[in-house]
Amino acid sequence: MSVKRFPEFRLGKVLATSFTATLTERCGEPVERIPVPERLVDWLAVNGLKVDSCSDSQLEHARQLREAIHEAATAVATQVPPPAAAIQVINDCSTGGQASAVLSPRGEQEWYLGSASVEDALSVIAADAVDIVSGAREGRMALCASPTCRAAFFDTSRAATRRWCEMNTCGNREKKARFLANKRQDPSRVG
């Protein structure tokens with residue numbers, strides 16, 4: 001019996017944009033990181049949103065939210081109004097669950113999912129998207145400088161000049177490509 005392998009998750013510090021990173025390389029060869037309902041359950045658990053199960057229709061609903069967040073975040077990053085359809089999906093998901101912010105014993109914010117359903121978890125992700133897309137949280141929406149990635153990410157760096165969704169993936173790949181291109185132009189260059 002073979003074990004099915006899935007691409008690893010790209011986990012960030014911002015829930016909504018980490019969720020959009022479950023589909024990467026959007027402008028190249030797309031990599032789907034939640035291809036089956038069980039992977040969505042896994043992703044949610046890793047992000048503190050433990051759900052009991054996920055159906056195919058719930059996975060499809062999650063993907064619709066993911067794409068709506070990506071569309072809205074991309075619009076904000078490019079300084080155009082978010083599409084009305086994306087706003088509607090985000091708002092519907094945000095208000096469609098029974099989740100509450102609670103304090104952990106360590107005094108940190110955690111999420112309590114009223115029914116431990118995918119809908120409850122999606123409401124938390126959508127609420128996070130509302131915060132970052134609306135500008136309620138300090139930081140700015142940006143797009144990855146990688147021409148194959150173009151992921152929307154939330155830049156909270158001090159100077160707000162981050163260029164890559166992740167330095168250890170897109171940033172390193174682009175720097176390596178630039179180095180190799182320069183080396184080809186000047187073969188005497190020592191790396």
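**View 1. Strand β6 and the lining of the largest pocket in the predicted model.** With three residues, β6 makes the largest share of the lining of the largest pocket, and both α1 (15-20) and β6 (152-155) supply at least two residues of that lining. Helices (H or I, at least four residues) and strands (E, at least two) are DSSP runs numbered from the N terminus. Residues are numbered from 1 along each chain as its sequence is written. In this predicted model, local features need pLDDT of at least 70 and side-chain atom pairs count only at pLDDT 80 or more, whereas totals for chains, interfaces and linings use all residues, and side-chain values use heavy atoms, with hydrogens and water left out.

**View 2. Centre of the largest pocket.** The largest pocket holds about 430 Å³ of space, and of the 20 residues that line this pocket, Gly12, Lys13, Phe153, Arg162 and Cys165 are the closest to its centre. A pocket is, on a 1 Å grid over the protein atoms alone, an open set of points where a 1.4 Å probe fits, with protein on both sides within 12 Å along at least five of seven lines, and lining residues have an atom within 4 Å of a point. A volume is the space filled by probe spheres set on the points, which are joined across faces, edges and corners.

**View 3. The second largest pocket.** About 250 Å³ of space lies in this pocket, and its lining includes Gly12, Lys13, Asn47, Trp111 and Arg137. Two or more lining residues come from each of β4 (109-113) and α5 (118-134), with α5 giving the most, four residues.
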